[in-house]
Amino acid sequence: MSAGIAVYIPSFSDGGVERNMVVLASGFAALGYRTDFLVAETGDLPYLQHLAPTVRLLRLPAERARQFQATVDYLRRERPAVLMSAKGKDDRQAVAARDAAAVGTRVFLRCGIHLSSRPKMSGANPLRRWWHRRDIRRLYARTDGVICVSDGVADDLAEVTGLARAGIAVVRNPTILADFAALSAAANPHPWFAPGQAPVILGAGSLAPVKRFDDLMQAAARVMAETDCRLVILGEGKERDNLTRLAARLGIAERVDLPGFVTNVLPYMRDAAVFVLASEREGSPNVLTEALACGTPAVATDCPSGPREILAGGRYGPLVPIGDIDAMQRAIRQVLAQPLAADELRAAVAEYTLERACRGYLQTFGIAAK
């Protein structure tokens with residue numbers, strides 16, 4: 001058996017999971033491990049250009065039946081020591097392919113979401129909740145190991161699956177990379193962040209309902225009624241038109257900008273007066289970690305389950321109830337008036353490095369870091 005590591009993510013898209021997997025694969029390769037990165041043949045995909053040259057990118061058929069057989073063939077041919085999957089759509093296929101290949105490859109699942117907060121688990125249909133919970137229990141019982149991105153996610157996973165909490169590893173996301181300082185020092189192209197301009201409230205993430213940027217916009221509008229400031233929300237998604245209309249209804253359209261997807265968010269983080277996370281659920285939000293690593297004060301909803309850990313229960317930034325616009329407004333005003341020191345915020349997330357993450361994964365895999 002070789003000491004190869006296969007990162008398995010056929011349903012690759014443009015989310016934080018994908019970015020983290022690209023970073024981890026490159027980190028494994030840098031430590032001397034033969035690393036393969038398996039995605040589906042779906043054209044150009046974001047983040048893949050950042051894979052280290054030493055990582056082998058393999059394209060699987062897009063059609064699921066052919067994709068499964070191609071995965072089995074890959075495992076029989078290459079025999080990696082570890083197959084790591086990170087998305088629900090792929091997890092079941094990874095486990096089934098491991099069983100079909102029967103070559104001794106071990107499967108590890110990375111869980112980055114608070115499972116019981118998902119609609120399938122928290123909806124009103126008891127039968128659906130029961131069936132989904134049973135399905136997840138059966139899946140995770142067939143793995144060789146589980147890695148979660150936060151203690152909150154791990155606690156929830158243990159409750160949902162019945163796995164022993166002590167057997168679930170927690171490894172922080174690899175957010176602070178070797179080029180972090182250089183990227184955060186880059187010029188900010190947005191004119192609102194220039195010296196002498198009004199303070200900017202910043203949000204970032206997929207423009208999806210779960211991120212609740214409408215709550216952020218309403219809270220920002222109330223702050224704008226008392227303070228000269230602006231709101232910038234980075235990201236793209238299906239809520240763009242709704243957010244644009246909301247800004248118009250609130251009378252703040254001239255003080256709100258939605259620049260879309262930004263390759264390097266760090267200059268925006270660095271220059272913002274406050275970063276706000278308004279989500280209804282998270283695993284371990286990279287954007288919140290990035291903001292603190294830039295020395296930027298933050299406000300976050302106390303959603304399950306990452307913000308409370310990152311902000312140390314409110315020590316490094318206010319935590320507000322989900323959907324509480326008044327509380328979010330007060331927290332933003334508080335941070336604008338009395339921001340914490342940048343060095344203190346940076347120290348709060350010092351453990352979110354690639355080196356620590358890679359060594360945590362390798363330890364869970366049972367592979368000694370080189």
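Buried means under 20% relative accessible area, exposed means over 50%, and partly exposed lies in between (1.4 Å probe, protein chains only). The model is predicted: local features need pLDDT of at least 70, side-chain atom pairs count only at pLDDT 80 or more, and totals for chains, interfaces and linings use all residues. Residues are numbered from 1 along each chain as its sequence is written, and side-chain values use heavy atoms, with hydrogens and water left out.

**Exercise 1.** Decide whether Cys111 counts as buried or exposed, and find how many disulfides there are.

*Solution.* 
- Take the accessibility of Cys111. At 2% relative accessibility, Cys111 is buried.
- Apply the disulfide rule: two cysteine sulfur atoms within 2.5 Å. The count is 0 disulfides.
- Check Cys111. Its nearest cysteine sulfur belongs to Cys148, 4.8 Å away, so Cys111 is in no disulfide under the 2.5 Å rule.
- Turn to Cys294. Cys294 is buried too, at 8% relative accessibility.

**Exercise 2.** Classify the aromatic pair of Phe12 and Phe37, then say which parts the pair ties together.

*Solution.* 
- Start with the rule. Rings of Phe, Tyr and Trp (its six-membered ring) pair if their centres lie within 6.5 Å; planes under 30 degrees apart are stacked, over 60 edge-to-face, the rest tilted. This gives 6 aromatic pairs.
- Read the geometry. Phe12 and Phe37 are 5.9 Å apart, centre to centre, with 75° between the planes, an edge-to-face pair.
- Place the residues. Phe12 sits in the loop between β1 (5–8) and α1 (16–30), and Phe37 in strand β2 (residues 35–40), so the pair ties together parts 25 residues apart in sequence. Helices (H or I, at least four residues) and strands (E, at least two) are DSSP runs, numbered from the N terminus.
- Phe12 is buried at 6%, and Phe37 is buried at 0%.
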